[in-house]
Amino acid sequence: MDPVIVVGAGPVGLSLSLALARLGVPTVVLDETTGQEETRPARTVVLRPDTAAFVARLGCADTLESAGTHWTAWRTVRRRRLRERVAFAPRTPDGAAAPASPVHLPQHALTRALRTALAHEKLAEVVTGSRLADLEQDEHGISAHTRGPNGTWWHGSYLIGCDGPRSTVRKLLDVRFPGRTAVERHAVAALRCELPWPGEALLHRSPPRQGGGPGSEVSARPLAGHVWRLDWLLPPGRELVTPDALVARIRDSLAGWTSESPAGPADETGTEGEGALPRGRGHGRLVPPYELLDTGVHTVHHRLARDWRQGRAFLAGDAAHLLGALGTQGLDEGLRDAENLAWKLGLAWHHGASDVLLDSYQAERRGAVAARLRAADQALPLLRDGRAVRWRTVLPGAARGRSTLLTDGHLGRGPLGAPPVYARTPLAPPAEQSGSLLVETPPGAPVTDVAVTASDGAVVRLRDRLGRGLLVVLVAPGTGVWDRRHWQSAGLMPQLADAVDALPMDAEVLVAEAYPGAAAHTVLLVRPDGHLVTALSGVRPAEMAACANAVRGGAHGPVAGSGRARRSGDAAASGEGEAGEEEASAVDPVGSSMLHSESD
C-alpha cells in the first residue's frame, strides 16, 4: 500500500508524520521550504498538558524540558489589583497534579525537535523544495504533483493538507474557508529582563498608563533564559505600529511592573493587597535593564473550512481553521487534529477503514473548533466593547467576571480553552452497550491523567501510553503494594486479559489504584487519543467488544499490500500554480456566529 502524503512541514504536519510512523505507516512530507526554520524569539507556542504530552510521546520530551518553560503560576491583574492567581503543581509520576502547567517555548525550537525526531524514522521521508501544484484521486489512491527541484508525481494512499492558512491543498480541493478577518491585532516583543514574578505569567487588563480602557491589555509570559514574550492588544484598524511606539509601550509596561512608587493614597480599585502592582502614575518609575530580541505584529483571523475530508484528502491545522482571539491557541487545535487523525489513518492503512471512521475526523474535530469559535465570537463583544452587556444574554449561564473568562482562554479552561469533548461522535457505542456506570469523566471527554501500572510493572502516567491502540484500564485499589507476578494472575485479571485478546483492535491492559469517581473493579476503555469510550462495572467481554468495534467505525475493508513512496515521470516545469484567494462566505453550516466575513 502506498504511503500517506503530508503536505506542509510545520509542527502539525511533522507531528502527524511522526505519529503515523510510530504506528508503522510510511509517510512522505512535501516541504516547499529549504527545511531551515527561521529563528524568531517572539514567535512562541503554548502547549496545554494534553498536546504537550502528545509532542513528548513523539520524541520531543527533552526539548520541552530544555527549551520550554512550565509556568509556576498565572496572574490576572485589572488596573493595579490582583484579581486571580492560579498556581500550577509540578507533574509527578505517582500522583495526579492539578492544575497542570502549560508549556511555553519558541516555535522554531519545537519545529527543529520534530524534524530531528522525524529524521530518525525509517518510515518517514521529508522532501524539501517541493511545491504542490496538482492533485488527483480515485478509489485506489491519491497522487500529488509537485514543482521545484524535486518536482514529480507522488502516489499515496491518503493525503493531508497541513500547509497553513493559504493552503494549496484546500484550494485544489475547492473547499471554502469562511470566517472573519482581523478579529484582533497584537503587538509582540521578546526581551530578556528580570520581572518581579519569575516563572509566573501575567495578564494585565486595563493598565492605567496605557489608556485604561476596557479593551486594553498586556500579557507577559516567561520563556527559558530570563526571556519574556510581551503581547499588547492593539486598537481595531490597520494603523502601522512604529518602532518608537513599540519601544515606548515596552518601557512603560516594564516601569509600571518593576519600579517603586511614591507613597500616596490607595488607587481607585482599593488598597494594595499581596501581589498588587506598584501605584503611581510615572513619578519615581524607572525602566529596568532589558535586551530587546525580537518584535512583530500578530493579526488574528477566525475561519473554518467547510469540508475537512474529500475522499482520500484531509485538512488539518491552519489549513482547516484559524483562531487565536482571547488567548485561544491555534497550534493546540492543530496538534489535536494530528492526534485525532493519526490513529484513524493507522487503522485505515493497516486494516482498511469504513467511511464512519474516516468521517469521524471531521465530525469530531470540526465540531470542536466550531464550538471554540462560537464561544470566542460570543465573548468578544463583552470583553472588548466595554458596554454594559448582560452576561447571561451574551454567554448563557456565565457567572464569573470578564477577567476570569479571558484567563480561561489562556489557561485552557471553559468554553474558550478546555480540551474538547466528543459527546456526539459517530464512534460512540450503542447506548445499550456503552455502560451506565458514573465516573467523573463523561464519555467522549479526555481521561484524567492518573498514574497506572503497565504489564511490565512500570508505573507511568496514563497519557504516556496513548497513541497505539485502545487502553483498557482496570481500577483496582491496593494492587500497587503487590508484586505484579501475583496480581496479574489474581482476581479479574485473567478474565480481563482474555477479553482484551478477543477485541477487534489492538489494546493494552493497565491497572490504576484509583480514578476520579470510579468504584473498585471499574473498567475504562480509552481511545488512542485519550478520550473515554465507556466505563463498565467489571469485565464484560461482549460489551467491551461492541465498544471496540464502534471505535474502529464498524466493519473494515480488506487489507491492501504495503509499499514505500513511488515517483514517476520527470520533474515538472517550474511555475507558480497557486490558486487565488477565495471569497469567504457569510454563513457557516455548523451555526457559528461568524456572520461578518471578508475575503483574504
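In this predicted model, Glu139 is found in the loop that links β9 (131-138) to β10 (141-147). Glu139 counts as exposed because its relative accessibility is 58%, and the cut-off for that class is over 50%. Together with Asp134, Glu136 and Asp138, Glu139 forms a negative surface patch.

**The mixed sheet**

An open sheet is built from eight strands, arranged in the order β6-β5-β14-β15-β16-β13-β17-β20, and its pairing is mixed. Its edge strands are β6 and β20 (321-322), each of which pairs on one side only.

Strand β5 (residues 73-78) is mostly covered, with five of its six residues buried. On one side, β5 pairs with strand β6 (residues 81-87) in the antiparallel sense; β5 also pairs with strand β14 (residues 200-205), and there the two strands run parallel. The hairpin of β5 and β6 has two residues between the strands, and Arg79 in this hairpin adopts a positive phi near 55°. Further along the order of the sheet, strands β15 (residues 217-223) and β16 (residues 227-234) form an antiparallel pair.

The table lists these three pairings with the number of bridges.

| Strand pair | Sense | Bridges |
|---|---|---|
| β5 and β6 | antiparallel | six bridges |
| β5 and β14 | parallel | six bridges |
| β15 and β16 | antiparallel | six bridges |

Val77 has Leu82 of β6 as its bridge partner, while the bridge partner of Arg78 is Arg205 in β14.

**An enclosed helix**

Helix α9 spans residues 402-411, and nine of its ten residues are buried, so the helix is largely enclosed by the rest of the structure. The threshold applied here is a relative accessible area under 20%. The buried positions are Ser403, Thr404, Leu405, Leu406, Thr407, Asp408, Gly409, His410 and Leu411. Just after α9, Gly412 has a positive phi of about 75°.

**Summary of burial and exposure**

Glu139, by contrast, is exposed and belongs to the negative patch.

Key
Residues numbered from 1 in each chain as written. Predicted model: local features only at pLDDT ≥ 70, side-chain atom pairs only at ≥ 80, totals over all residues. Heavy atoms only, no water. Patch = residues over 30% accessible without salt bridge, like charges linked within 9 Å, V, L, I, M, F, W, Y side chains within 5 Å. Areas by Shrake-Rupley, 256 points an atom, 1.4 Å probe, with all protein chains shown as cover. Salt bridge = Lys/Arg side-chain N within 4 Å of Asp/Glu carboxyl O. Lys, Arg positive; Asp, Glu negative; His and termini not counted. Charge placed at Lys NZ, Arg CZ, Asp CG, Glu CD. Helix = DSSP H or I, 4+ residues; strand = E, 2+ residues; numbered from the N terminus. Buried < 20%, exposed > 50% of the residue type's maximum accessible area, 1.4 Å probe, protein only. Pairing = 2+ DSSP bridges.
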